[in-house]
Amino acid sequence: MRRLAFALAAALALSAPVLAADPSEMLKDPALEARAEKLGHGLRCMVCQSESIEESNADLAKDLRIIVREQIVAGKSDEQITTYLVDRYGDYVLLKPPFKVTTAVLWVGPFALLVLGLLAAWGFYRRRGVAGTQAPLAPAPLSDAEKRRLDALLKEDK
Amino acid sequence: MRRLLFVLPLIGFLALVAVFKWGLGHDPREIPSVLIDRPVPEMALAPLPGRPADSGLATADLKGRVSLVNIFGSWCIACVQEHPTLVQLKKAGAVPIHGIDWRDDPAEGAKWIARNGDPYERVGADPAPGRTAVDFGVTGAPETFVVDKNGVIRYKHIGPITPEVWKTTLLPIVQKLNAEEMKK
């Protein structure tokens, strides 16, 4: 039983990084294949939304892997291939959207929110800090009567 | 001012609810096509086996009349669902419909049409890896493009055409495009 569990765990661990590209699709030239894979990892599989065409098993992803490789073999540059696909599928095909007016919110938004949050926190703590100096920081010193009572209590203890 | 600060989270929450509600009503697969208002891609697709030699689909075939270009395949289940509507449109003479048999064995595509009815004027074969379909920015089947008289793509419908879709979405577009003058 334990052996089976171990075998299963090992199989799962080993199967995780397997690529969807089947060997028949791969280019013989390792340098070109590496380029195709790098390019493919940045291209969205249009039917699976959040996977790249290199990772996906979808038919369309397979077609695009083949087309990307065809164009690489034909001597097209990475930019030319990217432009080819953006012309047909829009910026959405890029897993990393380009910085444009329409995507500015996407890129700048999180940082803008962070700055806003920091400003709000700064304002909040500054206001609280000011209020803090007005409130007594240390307890008021003991009055004479209190001191005498404290002395008396301490003496009692001895 | 103080009061406002307490209302702020509530306003934020309501804004989020509005965004989620809007998002839920959206089909993430419906990606706006970048091909709208662009000419039909260059293509010269072979006819399906057993059909007339001149019944393939080329770019020039889509000029002169408003037409539909329907992406289908014999493997596509939703296409079977859609098909009777196309056949009916053909019978009614509503609009010329052309087909692209996508990612398919052309012989299977021809059989599929023989079995399910033939609403198409022209059918081009685009076997895997479907280069013409990629040129059309196709992400799945069925998809249907409305092409105007100048051979420019004017609308893309993702998913099956139902009588409802035809009546409320496609027919008004076809009528509008029919009324347009052809550019010389």
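In which helix of chain A does A:Leu150 lie? Before I answer, please keep in mind that what you see is a predicted model, and that everything I say describes that prediction. A:Leu150 lies in helix H6 of chain A, which covers residues 144-157. The residue is exposed there, because 11 other C-beta atoms lie within 10 Å, and the cut-off for calling a residue exposed is 12 or fewer. If you now look for A:Pro30, you will find that A:Leu150 is 120 residues from it in sequence, and that their C-alpha atoms are 87 Å apart in space.

Let me step back to chain A as a whole. It has six helices and zero strands, and from the N terminus on its elements run α-α-α-α-α-α. Chain A has 158 residues, of which 16% count as buried. Among the contacts in this chain between residues at least 6 apart in sequence, 48% join residues at least 24 apart.

Now to a pair of helices in chain A. How do helix H2, residues 30-41, and helix H3, residues 59-73, cross? Their axes come within 10 Å and cross at roughly 135°, and H2(A) and H3(A) are therefore oblique to each other. As for the hand, H2(A) passes H3(A) in a right-handed crossing. On the H2(A) side the residues that meet the partner are A:Leu32, A:Arg35, A:Ala36, A:Leu39 and A:Gly40, while on the H3(A) side they are A:Arg65, A:Val68, A:Arg69, A:Ile72 and A:Val73.

If we leave aside its neighbours within four places in sequence, A:Leu32 is in contact with A:Leu27, A:Ile72 and A:Val73. A:Ala58, by contrast, is 26 residues from A:Leu32 in sequence, and the two are 23 Å apart, C-alpha to C-alpha.

The partner helix, H3(A), has 15 residues and reaches 21 Å from its first C-alpha to its last, close to the 21 Å expected at 1.5 Å a residue. Its buried residues include A:Leu60, A:Leu64, A:Val68 and A:Ile72. What do the buried residues of H3(A) pack against? They pack against H2 and helix H4 (78-89) of chain A, together with H4 of chain B. Just after H3(A), A:Gly75 takes a positive phi of about 90°.

That brings us to chain B, and to its helix H5, residues 163-179. At 1.5 Å a residue, the 17 residues of this helix should span 24 Å, and its end C-alpha atoms are 22 Å apart, which agrees. Where does H5(B) bend? The bend, of about 45°, is at B:Leu170, and a proline, B:Pro172, follows within four residues. The buried residues of H5(B) are B:Trp166, B:Val174 and B:Leu177, and what covers them includes helix H2 (77-92), strand E6 (143-147) and strand E7 (153-158) of chain B.

I will finish with the backbone of chain B. Most residues other than glycine have a negative phi, and most peptide bonds are trans. With that in mind, please look at B:Asp37, which is not a glycine and yet has a positive phi of about 70°; it lies in the loop between helix H1 (2-24) and strand E1 (44-45). B:Arg103, in the loop between strand E4 (97-102) and helix H3 (106-116), also has a positive phi, near 55°. Which of the two is buried and which is exposed? B:Asp37 is exposed, with 11 other C-beta atoms within 10 Å, whereas B:Arg103, with 23 C-beta neighbours inside 10 Å, counts as buried.

Lastly, the cis peptide bonds: one joins B:Ala128 and B:Pro129, with omega about 5°, and B:Pro129 has its place in the loop between strand E5 (123-126) and helix H4 (131-135). The peptide bond from B:Ala141 to B:Pro142 is cis as well, with omega near -5°, and B:Pro142 lies in the loop between H4 and E6 of chain B.

Note on methods. Residues numbered from 1 in each chain as written. Chains lettered and ligands numbered in written order. Predicted model: local features only at pLDDT ≥ 70, side-chain atom pairs only at ≥ 80, totals over all residues. Helix = DSSP H or I, 4+ residues; strand = E, 2+ residues; numbered from the N terminus. Expected span 1.5 Å × (residues − 1). Bend = angle between axes of the 7 residues up to and from the residue. Buried ≥ 20, exposed ≤ 12 C-beta atoms within 10 Å, placed from the backbone. Contact = placed C-beta atoms within 7 Å. Axes fitted to C-alpha atoms, helices over the stretch in contact; angles between N-to-C directions. Parallel < 35°, antiparallel > 145°, perpendicular 65-115°, else oblique. Left-handed = near helix turned anticlockwise from the far one by under 90°.
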